[in-house]
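Good morning, everyone, and thank you for making time for this. Please have the sequence and the model open beside you while I talk.

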Amino acid sequence: MQDKGGKIKPTHLLYKSNLSYQRMNEYLKDLMEKEFVMEKEEKGKKFYFLTDKGSMFLQEYNRLVEFTESFGL
Amino acid sequence: MINVNIALSPSWFLGYDSLIELFGMFTALLICFYSYRLFRMVKEKKYLYLSLSFFFIGAALAARAGSYLLMYFSWGHIRTIGSPIAKNIIQSSTLNFLGFSAHIILMLAAFMTLIALNMKVKDKKLISLLFILAFTSSFLGIYVAYALFFIVSFILLLYITHYFYQNYAEKKTAQSRNVLLAFAILTGAQLLFALSSVWNTFYVAAEIVQLISFITLLIHFIRLFRK
């Protein structure tokens, strides 16, 4: 989503995530409940957007991964 | 009554070493708090142990800085004494001795925690045995040679640095390289501290090398937050 400027089509997401359609929807539902992702229609097409909260979470997660890797944890 | 205190530092360096120790304390505590925050988030004990080890490092540096400041700015006479006499740290005032003892205990606790974490040692009896051995040799050693604690620290840090080297060899990231560099430099500082009882210029060099080590760690930490 970040690579695609913060929004992505469902089919692209399905392809990139390498998940089944059902599994992807489960995760999306979870992410939308947590307000990390939102669903919106643009020009009649459905897109998924990374919210500010989602963006911050991703940033924090990347920081955690870098910190963990740097200390070999 | 004249208090004769031991200062390994040349007179022009008095106080600067405390500043360096306090800078190191600040850096260590930053990493301690962040690691603890991660522990609270993900509830994995490895973050707690890392946080604990950096807490011990910060506290050890605070103890040494505090004892230096008490020594340098106390009302007694302060003499910079040459290397043969400086071996016998027990001649310093009680507070200085307590400060240095606290430094030894806390620093060894930090290294033991890091070693246990890196080598994934789960046997608490083994960890406590290693700690007792390291502490006993260092603490009793100060009655014989001030350098012994730093030699023990050097050996322990060699193991820790080797682990970080293996981590860097595997991950090959700039972040893992920075941590390796910081600990490698800190290891070198221990050797210089060990030599400082021979010539006090080594003490200045040791403090500067230690400062470089903590600057490296701080830069690494700041870079995590810049993205």
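I will go through the two chains in turn and then finish with the place where they meet.

Before that, a word of care: this is a predicted model, in which local features need pLDDT of at least 70 and side-chain atom pairs count only at pLDDT 80 or more, while totals for chains, interfaces and linings use all residues. Residues are numbered from 1 along each chain as its sequence is written, and chains are lettered from A and ligands numbered from 1 in the order in which they are written.

Let us begin with chain A, which has three helices and three strands; here helices are DSSP runs of H or I with at least four residues, strands are runs of E with at least two, and both are numbered from the N terminus. Following the sequence, the elements of chain A come in the pattern β-α-α-β-β-α, and the C-alpha trace of the chain spans about 45 × 25 × 20 Å along its principal axes. Of the 73 residues in chain A, 11% are buried, where buried means that 20 or more other C-beta atoms lie within 10 Å of the residue's own, exposed means 12 or fewer, partly exposed is in between, and the C-beta atoms are placed from the backbone.

As background, the strands of a sheet pair through backbone hydrogen bonds, either parallel or antiparallel.

With 5 C-beta neighbours inside 10 Å, A:Lys43 counts as exposed.

Now to chain B, which has eight helices and zero strands. Here 44% of the 227 residues are buried. Of the contacts in chain B with a separation of 6 or more, 72% are between residues 24 or more positions apart, and by contact I mean that the C-beta atoms of two residues, placed from the backbone, lie within 7 Å.

Two helix pairs deserve a careful look, and for both of them the axes are lines fitted to C-alpha atoms over the stretch in contact, with angles running from 0 to 180 degrees between N-to-C directions. Helix α6 (residues 147-171) and helix α7 (residues 174-195) of chain B pack at an angle of about 165 degrees, their axes being 8 Å apart. That makes α6(B) roughly antiparallel to α7(B), since angles over 145 degrees count as roughly antiparallel, under 35 as roughly parallel, 65 to 115 as roughly perpendicular, and the rest as oblique. The contact of α6(B) with α7(B) has 18 nonpolar, six polar and two charged residues; Ala, Val, Leu, Ile, Met, Phe, Trp, Tyr, Cys and Pro count as nonpolar, Asp, Glu, Lys and Arg as charged, and the others, Gly among them, as polar.

In the second pair, the axes of α1(B) and helix α8 of chain B, residues 200-226, come within 9 Å and cross at roughly 25 degrees. That makes α1(B) roughly parallel to α8(B). Among the residues making this contact are B:Phe23 and B:Leu30 of α1(B), and B:Phe214 and B:Leu218 of α8(B).

Let me also point out B:Lys43, in the loop between α1 (16-42) and α2 (45-73) of chain B. Phi of B:Lys43 is near 60 degrees, a positive value in a residue other than glycine, and with 9 C-beta neighbours inside 10 Å this residue counts as exposed.

Finally, where the chains meet, nine residues of chain A are in contact with 15 residues of chain B. On the chain A side, these residues divide into four nonpolar, two polar and three charged.
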